[in-house]
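Please look through the sequence and the structure first.

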Amino acid sequence: MKLQGKVALVIGAASGLGRASAECCAADGAKVVVADVSVEGGEAVAKGIRDRGGQAVFVRTDAADEASVKAAVEATVREFGKLDVLVNSAGAGRPPGVDAWHFAIDLFLKGPYYACRHALPEMEKAGGGVIINVSSLSGVTGAPVARIEESGYACAKHGVIGLTRTLALAYAKKNIRVNAICPGYIRSGLTQSLQDGEDGGMTLIRDKLRVPMDRWGEADEIGKVAAFLASDDASFITGQPIIVDGGFMAR
């Protein structure tokens, strides 16, 4: 129970890596605010945590809307008295008719910025805290795209690492650590199209990508890293992009 007494706000917690992060933090003792635009999914995650003996509430949050993110931070402090841990893990597919580049920047870069902007003052009041931004392998390397309009995701995820390192330096003396997780190929809703087929996407993993561990990563393998980074076991780690990819980037 390494997060006993801590309060965590997880944005994008209704599914995928955000859900895993919320559940793993709760399993380690944190009180969790499940924040997501999906009411049904978010309520289910919060209920699941409570059913397992944890403490959790759901707050509907649009990660791309600063007012909504600010309200989630305020709701966290109102419900549990403080904010110790922020996990930025919102993700979604682009709605039809929406500009791809601007959608990616708004959700994957501006969203974490809004959350950090409003969470940091609360962490300063609490005497410290931890921010964990979910980036991507696309945040540490280029992404092959067919058109410039499709470059937004990689641009945003690079920006998240820049935001992470900058805030880590700015707030290090205030006892606030800021790190990023860069997942590789993880089973989640956002990678479902890559898993379609009789072999569950294993041809992609083994033959095309040649992931050294020869398998997909699982969401809880990201969630456990988030819980570790949130804990005092990671007390001297800040400003780092933590790559969790089964060895993909080691080549």
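Q: Is Asn175 buried or exposed, and what is its relative accessible area?
A: This is a predicted model, in which local features need pLDDT of at least 70, side-chain atom pairs count only at pLDDT 80 or more, and totals for chains, interfaces and linings use all residues. Residues are numbered from 1 along each chain as its sequence is written, and side-chain values use heavy atoms, with hydrogens and water left out. A residue is buried under 20% relative accessible area, exposed over 50% and partly exposed in between (1.4 Å probe, protein chains only). Asn175 therefore counts as exposed, with a relative accessible area of 53%.

Q: Where does Asn175 lie, and what is the value of its phi?
A: Helices (H or I, at least four residues) and strands (E, at least two) are DSSP runs, numbered from the N terminus. Asn175 belongs to the loop between H5 and S6. Although Asn175 is a residue other than glycine, its phi is positive, near 65°.

Q: Where is Asp214 placed, and what is its phi?
A: Asp214 is found in the loop between helix H7 (202-208) and H8. Its relative accessibility is 36%, so Asp214 counts as partly exposed. Asp214 is not a glycine, yet its phi is positive, at about 60°.

Q: Which residues line the second largest pocket closest to its centre?
A: On a 1 Å grid over the protein atoms alone, a pocket is an open set of points with protein on both sides within 12 Å along at least five of seven lines, a cavity is a set where a 1.4 Å probe fits but cannot get out, and lining residues have an atom within 4 Å of a point. Grid points are joined across faces, edges and corners, and a volume is the space filled by probe spheres set on the points. The second largest pocket has a volume of about 350 Å³. Of its 20 lining residues, the closest to its centre are Gly129, Val130, Asn175, Arg177 and Asp232.

Q: How many cavities of 30 Å³ or more does the structure hold, and what is the volume of the largest?
A: A search of the whole structure finds one cavity of 30 Å³ or more. Its lining numbers 13 residues, with Asn88, Ser89, Ala90, Leu107 and Pro112 closest to the centre. The volume of the largest cavity is about 80 Å³.

Q: Which element gives the most residues to the lining of the largest cavity?
A: At least two lining residues come from each of helix H4 (100-126), strand S5 (129-134) and helix H5 (152-171). With four residues, the one that gives the most is H4.

Q: Is Ser135 buried or exposed, and what is its relative accessibility?
A: Ser135 sits in the loop between S5 and H5. Leaving aside neighbours within four places in sequence, Ser135 is in contact (heavy atoms within 4.5 Å) with Lys157, Val160, Ile161, Ala180, Ile181, Cys182 and Pro183. Ser135 counts as buried because its relative accessibility is 2%.

Q: How far apart are the closest N and O atoms of Arg215 and Glu221?
A: Side chains of opposite charge can pair when their charged atoms come close. A salt bridge is a side-chain nitrogen of Lys or Arg within 4 Å of a carboxyl oxygen of Asp or Glu, and by this rule the count comes to 16. Arg215 is partly exposed at 35%, as is Glu221 at 30%. The two form a salt bridge whose closest N and O atoms are apart by 2.8 Å.

Q: What separates Lys224 and Asp220 along helix H8?
A: Lys224 forms a salt bridge with Asp220, the closest N and O atoms being 3.9 Å apart. Lys224 is exposed at 53%, whereas Asp220 is partly exposed at 34%. Because they are four residues apart in helix H8 (residues 219-230), the pair is separated by about one helical turn.

Q: Which residues does Asp28 contact beyond its neighbours within four places in sequence?
A: Asp28 is placed in the loop between helix H1 (16-27) and strand S2 (31-36). At 25% relative accessibility, Asp28 counts as partly exposed. Leaving aside those neighbours, Asp28 is in contact with Met1, Lys2, Leu3, Gln4 and Ala227.
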